[in-house]
Amino acid sequence: MINCELGMSKPFDIELERLIGQPSYSGAVGVVDVARRGTFFLETFGCQMNDHDSEKVAGLLLSRGYQQVESPEAASLILYNTCSIREKAAQKVFSRLGEYRTKQGDGQVIGVLGCVAQQEGEDIFKRAPWVSLVCGSASYGKLPEMLAQLEAGNHRVTGLDTDTDETFETEVARRDNPWRAYLTIIEGCDKACSYCVVPYTRGPERSRPSDSILREARQLAELGYSEVQLLGQTVNSYRDPTLRKMRFSELLLAVSAVQGIRRVRFTTSHPSDFTPDIVSAIESESKICDHVHLPVQSGSTKVLRMMQRTYSRDEYVEKIAMMRGAKRPIGITTDIIVGFPGETESDFEETLSLLEEVRYDSLFSFKYSPRPNTPSLAMDDAIPEEEKSRRLAVLQEKQREIQSARNAELIGQAFEVLVSGKSRRENQWSGYTTSHRMINFASQDSALLGTYVQVRVTDAGPNNLAGTQEV
Ligand code: 5AD
Ligand code: SF4
């Protein structure tokens, strides 16, 4: 499962420099030279997979002569890339579509993309008849045909297949970050966790051929990206469909070997497929980032069974021990759900004790949200909302204490940082370490964006690190 927020810690008082992405070309087919057709506005919610899907959709539209604009009012085509992982996100979609309707001008076309599109399908036309396009993520490869239908005046255009792999081979991606590029290696998910909509909205697991991944990695390096982030809901479940049958760890090494690539990240890993060869690859190749996001979801084996997570607490802890035993320290982060149906106080306490045992560098925590089509929807013993909120607050407080202590241990250490942000305050910058810790730091240099510098940590709080550049 891919997470919805980027970054292990939030920047304090640092405004990310506006990242102006140049178009990047990620496929064999060149840019189609067509007359300007119109303008589009694209809004995105959700995980990194959604962010990257939007980059592909934007690239496709730009290559067809559309121009991207900053407001829905200025657009002839309004696209909304949606998330349905939790109820709140999905509810937002229809209120947002209502807002678009009130702004909708003459001839403006509104389209819904992503997980809510896939989940609700043609029902969206009933609830929001002013929408003309409903398209799930697996069908973006067919967007050119769909656009042609819209341009021809069709008001009910859909793309709702879930088992295609056309999303891999889009012609162009307009990447938002000039230094770090997302690279999808596996789509969909076969894990069937009982609370999760992803297997329904993104379809079954499909791995991308290793030669195609490596081709794109080489193109990214040529375009000047020095960091690539391999993406998949369960990225380490990768199974190469070609005769080379590369394992995930071999793929990590092969991408690292591409000339010009300096950092390789990957997210999100599933504990059941996290094998020792991945740790060995991280140990042997410093370009592979020393950070693993390994969602546990609960510290109670009973709850893990109800969640259909395919591992017990002990098995998970063994994976952590394997990582902690690595020659190179590895940053570990996780996702936790509190208030799953039937989670007792003592189950919850097991989650708290797991936090103490593992001492994560950071985590994302969520209140359980019942979702359509999922097995857990029918489970008894729902936990009241106030109790979920209480557990969430207790969990977050515990993690805050752990993070304060962990971050304090870093004071005095120096890290390589890829500089990606610049503050309004003079001489203040920010960037990420290989273990995906954000550091705000001072430097007398004036042109640091996109460069790699050594930063020594001088100060730490639960959610931030501060330092100075080493000279
Ligand atoms: N309710 C709450 N959290 C959920 N997640 C996935 N499905 C749900 C749900 N129904 C969380 C998991 C996952 C993260 C991206 O979102 O923790 O790892
Ligand atoms: Fe992740 Fe499980 Fe959802 Fe698959 S089903 S995306 S493994 S939470």
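1. R247 is partly exposed, since its relative accessible area of 46% falls between the 20% limit for buried residues and the 50% limit for exposed ones. This is a predicted model, and the points below should be read with that in mind. The side chain of R247 meets that of D277 in a salt bridge, with N and O 3.6 Å apart. Because R247 sits in the loop between β12 and α8 (248-256) while D277 belongs to helix α9 (residues 276-284), the pair ties together parts of the chain that are 30 residues apart in sequence. D277, at 18% relative accessibility, counts as buried, because the limit for that label is under 20%.

2. How many salt bridges does the structure hold? The count is 30 salt bridges, and a second example is the one in which the side chains of R263 and E227 meet, at 3.5 Å from N to O. Here R263 comes from strand β13 (residues 263-267) and E227 from strand β12 (residues 227-231), so that parts 36 residues apart in sequence are tied together. Both R263 and E227 are buried.

3. Like the pair in the previous point, E343 and R391 are both buried. Salt bridges with shared partners also join R180, E227, R262, R263, R265 and E416 into one network.

4. Cysteines may also interest a reader who looks for covalent links, and here the count of disulfides is 0. C83 has a relative accessibility of 10% and so counts as buried, and C189, also at 10%, counts as buried by that reasoning as well.

5. What is the strand order of the open sheet of 3 strands? The order is β14-β15-β16, and the pairing is parallel. The edges are formed by β14 (291-293) and β16 (362-367), each of which pairs on one side only. On average, and with direction ignored, neighbouring strands of this sheet are turned by 10 degrees against each other. Between β15 and β16, which run parallel, there are 6 bridges, and T333 stands opposite S362 of β16. Helix α13 packs on this sheet and touches β15 and β16, its direction making about 175 degrees with that of β16.

6. Which residues of α13 are buried? They are K388, R391, L392, L395, K398, Q399, I402, Q403, R406 and N407. An α-helix has 3.6 residues a turn, so residues three or four places apart point the same way, and the list can be read with this in mind. The cover over the buried residues of α13 includes α11 (313-324), β15, α12, β16, β20 (452-460) and β21 (465-469).

Notes
Residues numbered from 1 in each chain as written. Chains lettered and ligands numbered in written order. Predicted model: local features only at pLDDT ≥ 70, side-chain atom pairs only at ≥ 80, totals over all residues. Heavy atoms only, no water. Disulfide = S-S within 2.5 Å. Buried < 20%, exposed > 50% of the residue type's maximum accessible area, 1.4 Å probe, protein only. Salt bridge = Lys/Arg side-chain N within 4 Å of Asp/Glu carboxyl O. Helix = DSSP H or I, 4+ residues; strand = E, 2+ residues; numbered from the N terminus. Pairing = 2+ DSSP bridges. Axes fitted to C-alpha atoms, helices over the stretch in contact; angles between N-to-C directions. Contact = heavy atoms within 4.5 Å.
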